[in-house]
Structure formats: C-alpha cells, structure tokens
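Visitor: I would like to learn how to read a few features in a model. Please show me the general idea, then the case at hand.

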Amino acid sequence: MNRSKILGSAALGLGLLASLAVVPASAAGSAATGAADSANSSGPAGYSAHAATIAAYSGSAADEAGTRAFFEAVMKSAKAKQKATGSSAVTVTYDAGAAPTFAAEISSSASIWNSSVSNVRLQEGSNADFTYREGNDPRGSYASTDGHGHGYIFLDYQQNQEYNSTRVAAHETGHVLGLPDHYEGPCSELMSGGGPGPSCTNANPDANESARVDELWANGFKGLHKSELATVR
C-alpha cells in the first residue's frame, strides 16, 4: 500500500491532542506497540510516569532527564560497538522497520544529519542502537527512553499530516544525538520543533545545533553539561 493510502486511512483532526484514532491495518503491529506504551498510563492525567522520558515534537515540555538518558544510552551502545570493531568513527545504528510509512522521511533525516555533522554517523542496520515506530498517539510524535539502554522515536500519523514529516523525524533524531528542545526558537532551528507552527518546513539543523552535536560526540558524556539542559523547554 502506498504512503498516501496509509496516511489517508488514519483519522484526521485539527488538534494534536485528539483522541486515539483507528490504526491503518498495515501498521497495526507497530502502532500496537505504541498503544501498549500509552496503556501503561491511564490517559492524559496518568502520563506522568511515562512522560518523564518523553521529548515531544509539540505540545509538551521535554524532560531534561529523558533527553539526557536517551543520548547517553545511544552513545554507550554506539561506543561499545566502535570499540569492538576497532572503527575510528562512531556510527549510530537505527532500525526503521516498525515505521514503514515514514521510511523516506527517516532516510532523509539520516542523510541530513550525516551531511551536517562529522563526529557521528547514522546508519540503518541490525543490532540497532535505537528504533523508529509509527501509529496514533494523542501526544503526537516524540523520542522516548526507559533510561536503561532502550530508546525509540515514535512518529504520529495525525501530527505528520499537519507538520512537515522530514522535519519531525529529523527533530526527534536530534534528541537521540543529544539536543534538547527549544520551542521558542525560529524555524531555522530544527530543535524549535512545532514552535514556529505547521508552515515551518525546515528539516536542517542550524550551524549551532550541528556544532553542538559534534562537540557532544567528540567529548562523550562529559560534553553534555547539565546546566545547559536545565533550560530545556
């Protein structure tokens, strides 16, 4: 089934916080995984336990501990594989198999980051450091981790109808690489996320964001200053 048919079958709505919609049949398995995560809480009022690990594209504040935990988990995994193979470059491996609707956007996101930074490379493959998922969630798209080495990026159907999908994917991938949200930033800042509104289609990090990612991956955990993440929006 082509992408337009898959997206067209997802329920549409004006608000990002609309109730859960019917999942396209072809994505039922991956969406069910996201639904299971949501089921761990009892609806909007019960998101607190899970929301502590979420950096959402729009509509909620990113959590400092969650962003840091995702980055550290991915870096630890990638560095371990780098050491085992003796490679001089740090490669972060991702698995997009559970998000087939957004395969093109995820691939474009990886290409964007790979052309913007030099100290880390994104590559699709097995034994992944993080994964992508798709489905319906009232929180929209987000990056999430349990803080114990497992993380994923969730891409919401409805939100990706309203916002530029490549920007959403690249923004959430930015969290994997260590960047916090800055919703009040301009469209030129990738990590401003949904702040500038749906008309913003920029999917590229600006020079400061690229430099920050290179700094983080050159300096490891010590490069992630808690004082900087204390202002995460």
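Visitor: Is Arg-139 buried or exposed, and at what relative accessibility?

Guide: Buried means under 20% relative accessible area, exposed over 50%, and partly exposed in between, with a 1.4 Å probe and protein chains only. Arg-139 has 10% relative accessibility, so it counts as buried. This is a predicted model: local features need pLDDT of at least 70, side-chain atom pairs count only at pLDDT 80 or more, and totals for chains, interfaces and linings use all residues. Residues are numbered from 1 along each chain as its sequence is written, and side-chain values use heavy atoms, with hydrogens and water left out.

Visitor: Which side chain meets Arg-139 in a salt bridge?

Guide: A salt bridge is a side-chain nitrogen of Lys or Arg within 4 Å of a carboxyl oxygen of Asp or Glu. Here the partner is Asp-137, at 2.7 Å from N to O. Asp-137 is buried too, with a relative accessible area of 3%.

Visitor: How many salt bridges are there by this rule?

Guide: The count is three. One of them joins Lys-81 and Asp-129, with the closest N and O atoms 2.9 Å apart. That pair links distant parts of the chain, 48 residues apart: Lys-81 sits in helix H4, Asp-129 in the loop between strand S3 (121-124) and S4. Helices (H or I, at least four residues) and strands (E, at least two) are DSSP runs, numbered from the N terminus. Lys-81 is partly exposed at 23%, while Asp-129 is buried at 5%. Arg-212 and Glu-215 also form a salt bridge, their closest N and O atoms 2.8 Å apart. They lie three residues apart in helix H8, so about one helical turn separates them.

Visitor: How many disulfides does the structure hold?

Guide: A disulfide is a pair of cysteine sulfur atoms within 2.5 Å. The structure holds one. Its sulfur atoms, from Cys-187 and Cys-200, are 2.0 Å apart. The torsion about the S-S bond is about 85°, so this disulfide is right-handed. Cys-187 is partly exposed at 28%; Cys-200 is buried at 3%.

Visitor: Which residues touch the most other members of the largest nonpolar core?

Guide: In soluble globular proteins, nonpolar side chains tend to be buried together. A nonpolar core is a set of buried Ala, Val, Leu, Ile, Met, Phe, Trp, Tyr and Cys residues joined through side-chain atoms within 4.5 Å. Of the 35 residues in the largest one, Trp-113, Phe-130, Tyr-132 and Trp-217 touch the most other members. H4 gives the largest share, five residues.
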